[in-house]
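Morning, everyone. Please have the sequence and the model open while I talk.

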Amino acid sequence: MKELNCRQVREMLLYVADQVIKSKDLLTEIDSQIGDGDHGIGMERGMKKAREKLLDMEAGTDAYSLFFEMGRTMLMSMGGASGVIFGTMFSGGAKGKPARETLDCPHLAELMRDSLTKIKERGQAQPGDKTMVDAMQPAAEAMCSYEGSDLAEMLALAAAAAKAGMESTRDLQAKFGRAKSLMGRELGHQDAGATSAWIIFRSMEEYVKSL
């Protein structure tokens with residue numbers, strides 16, 4: 001699979017939303033160990049609203065608009081830092097781009113790279129801070145360094161990189177959120193946001209592989 005048309009992009013994003021919704025309990029459990037315990041609830045709420053928005057939209061002729069509207073809906077419905085960060089994960093790299101009827105490897109990689117840049121600008125988090133950036137940055141880098149044309153192969157590399165980044169957060173000390181106040185007691189626990197980022201990349205891979 002070398003490119004996704006708008007209908008397939010919408011189906012992929014709906015699949016991503018479904019998988020995150022199904023992961024609510026896992027995300028809540030992970031977040032309750034070192035956070036406020038509401039990450040799973042917030043992600044479920046945002047993805048349900050995004051799913052409703054995508055189903056109301058025509059697939060249209062602009063794949064970027066699907067990413068943008070998904071992210072914008074999440075941002076408006078979730079609130080808090082997670083709403084900004086995960087809304088930006090979808091909308092940040094799509095905003096302002098010329099319309100495209102299809103997304104191939106270079107364009108999807110560029111979208112994720114630009115979203116990562118916006119996330120780091122807004123949240124000020126860097127790799128090593130025990131946030132979703134620890135999963136998203138290696139995933140985006142894997143996509144941008146991929147030189148082939150197979151979307152499934154590129155997304156498999158991204159998902160694997162995101163998983164490794166997620167797992168690395170267990171050994172990191174938090175610099176943001178409630179976990180920051182634990183003064184090292186958060187060591188040994190992985191970050192819930194990084195887990196959500198991994199689920200998103202894994203879900204994109206699973207959808208494309210199913211085509």
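First, the ground rules. This is a predicted model, so to speak of local features I need pLDDT of at least 70, side-chain atom pairs count only at pLDDT 80 or more, and totals for chains, interfaces and linings use all residues. Residues are numbered from 1 along each chain as its sequence is written, and side-chain values use heavy atoms, with hydrogens and water left out.

Start with the core. A nonpolar core here is a set of buried Ala, Val, Leu, Ile, Met, Phe, Trp, Tyr and Cys residues joined through side-chain atoms within 4.5 Å. Buried means under 20% relative accessible area, exposed means over 50%, and partly exposed is in between, with a 1.4 Å probe and protein chains only. The largest core has 63 residues. Which of them touch the most other members? Met47, Phe67, Phe90 and Phe201 do. The elements giving two or more residues to this core are H1, H3, H4, H5, H6, H7, helix H8 (151-168) and H9. Helices are DSSP runs of H or I, at least four residues long, numbered from the N terminus.

Look at Phe67. Contact means heavy atoms within 4.5 Å. Setting aside residues up to four places away in sequence, Phe67 touches Val9, Met12, Leu13, Phe90, Ser91, Ala94, Leu103, Leu108, Leu111 and Met112.

Now helix H5, residues 80-91. How far apart are its end C-alpha atoms? They are 16 Å apart, which agrees with the 16 Å that twelve residues should span at 1.5 Å a residue. The expected span is 1.5 Å times one less than the number of residues. The buried residues of H5 are Gly83, Ile85, Phe86, Gly87, Thr88, Met89, Phe90 and Ser91. They pack against helix H1 (6-22), helix H3 (39-56), helix H4 (63-78), helix H6 (105-123), helix H7 (133-145) and helix H9 (192-210).

Next, H7. It has 13 residues and reaches 18 Å from first C-alpha to last, close to the 18 Å expected. Its buried residues are Val133, Asp134, Ala135, Met136, Gln137, Ala139, Ala140, Ala142 and Met143. Those pack against H5, H6, H8 and H9.

Most residues other than glycine have a negative phi. Gln124 has a positive phi of about 65°, although it is not a glycine. Lys130 also has a positive phi, near 65°. Are they buried or exposed? Gln124 counts as exposed because its relative accessibility is 52%. Lys130 is buried, with a relative accessible area of 3%.

Ile30 sits in helix H2, residues 24-34. Ile30 is buried, at 8% relative accessible area. Its C-alpha is 5.7 Å from that of Ala192, 162 residues apart along the chain. Beyond neighbours within four places in sequence, Ile30 is in contact with Gln190, Asp191, Ala192 and Thr195.

Glu69 is in helix H4. It counts as buried because its relative accessibility is 16%. Leaving out residues up to four places away in sequence, Glu69 touches Lys53 and Met57. Glu69 and Ala194 are 125 residues apart in sequence and 22 Å apart in space, C-alpha to C-alpha.

Ser203 is in helix H9. Its relative accessibility is 0%, so Ser203 counts as buried. With residues up to four places away in sequence not counted, Ser203 touches Tyr15, Val16 and Gln19.

Cys6 is in no disulfide, and the nearest cysteine sulfur, that of Cys105, is 17 Å away. Cys6 counts as buried, at 5% relative accessibility. Cys144 counts as partly exposed, at 39%.

The charged end of Arg202 sits over the ring of Trp198, 4.7 Å from its centre. The cut-offs are NZ of Lys or CZ of Arg within 6 Å of the ring centre and within 35 degrees of the ring normal.

Key. A disulfide is a pair of cysteine sulfur atoms within 2.5 Å.
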